[in-house]
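Subject: Structure handover

Hi,

Here is the structure I promised to pass on. Please have it open while you read; my notes follow below.

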Amino acid sequence: QVQLVASGGDLVQPGGSLTLSCTASGFRLSSFAVNWYHQAPGKEREFVAGIDISARIIKYRDSARGRFTVSRDNAKNTVYLLMNNLESDDTGVYYCKTVRGDYWGQGTQVTVSS
């Protein structure tokens, strides 16, 4: 089965950390650049971070730069998003998507609250 699954979302306190995973099944994620998107409640989905196939080109939105780290582990067929120093504005659903084609993860909920 061809599938892309985003996971790792949780309820965390402000200042806490989470690592989100984007794991592919049925295809080689190493052949795809991957983007992470964030959709805050009541807002449009926005680009968060992206990583190319070689993991040598990495991009972040301004609010993520310095706090978030995107990486990939080809052996695990997974792209990660490490989120540090989380803020309430980081709350929302996080999606991963391949840049080529239209493979989407289902999204995983992150809630930052004390």
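Predicted model: local features only at pLDDT ≥ 70, side-chain atom pairs only at ≥ 80, totals over all residues.

A disulfide here is a pair of cysteine sulfur atoms within 2.5 Å.

**Disulfide**

The structure holds one disulfide. The link of C22 and C96 is right-handed, with 85° about the S-S bond. It connects distant parts of the chain. C22 sits in strand β3 (residues 18–25), and C96 sits in strand β9 (residues 92–98). The two cysteines are 74 residues apart.

Is the pair buried or exposed? C22 has a relative accessible area of 0%, so C22 is buried. C96 is also at 0% relative accessibility, so C96 counts as buried. The cut-off for buried is under 20%.

**Salt bridges**

The count comes to three salt bridges.

Start with E46 and R61. Their side chains meet in a salt bridge at 3.1 Å, N to O. E46 lies in strand β5 (residues 45–51). R61 lies in the loop between β6 (58–60) and β7 (68–73). The pair therefore ties together parts that are 15 residues apart in sequence. E46 is partly exposed, with a relative accessible area of 42%. R61 is buried, at 14%.

Next come D90 and R67. This salt bridge has an N to O distance of 2.8 Å. It links distant parts of the chain, 23 residues apart. D90 is in the loop between β8 (78–83) and β9. R67 is in the loop between β6 and β7. Both partners are buried: D90 has a relative accessible area of 2%, and R67 is at 11% relative accessibility.

Then there is D62 with R65. The closest N and O atoms of this salt bridge are 2.8 Å apart. D62 is at 65% relative accessibility, so D62 counts as exposed. R65 is partly exposed, at 48%.

**Largest pocket**

The largest pocket has a volume of about 210 Å³. Which of its 15 lining residues are the closest to its centre? They are H38, A40, K43, R61 and D89. R61 is also the salt-bridge partner of E46.

What classes make up the lining? There are eight charged residues, five polar and two nonpolar.

Best wishes

Note on methods. Residues numbered from 1 in each chain as written. Heavy atoms only, no water. 1 Å grid on protein atoms, 1.4 Å probe; cavity = no way out; pocket = protein on both sides within 12 Å on 5 of 7 lines; lining within 4 Å. Points joined across faces, edges and corners; volume = space filled by probe spheres on them. Nonpolar A, V, L, I, M, F, W, Y, C, P; charged D, E, K, R; others polar. Helix = DSSP H or I, 4+ residues; strand = E, 2+ residues; numbered from the N terminus. Buried < 20%, exposed > 50% of the residue type's maximum accessible area, 1.4 Å probe, protein only. Salt bridge = Lys/Arg side-chain N within 4 Å of Asp/Glu carboxyl O.
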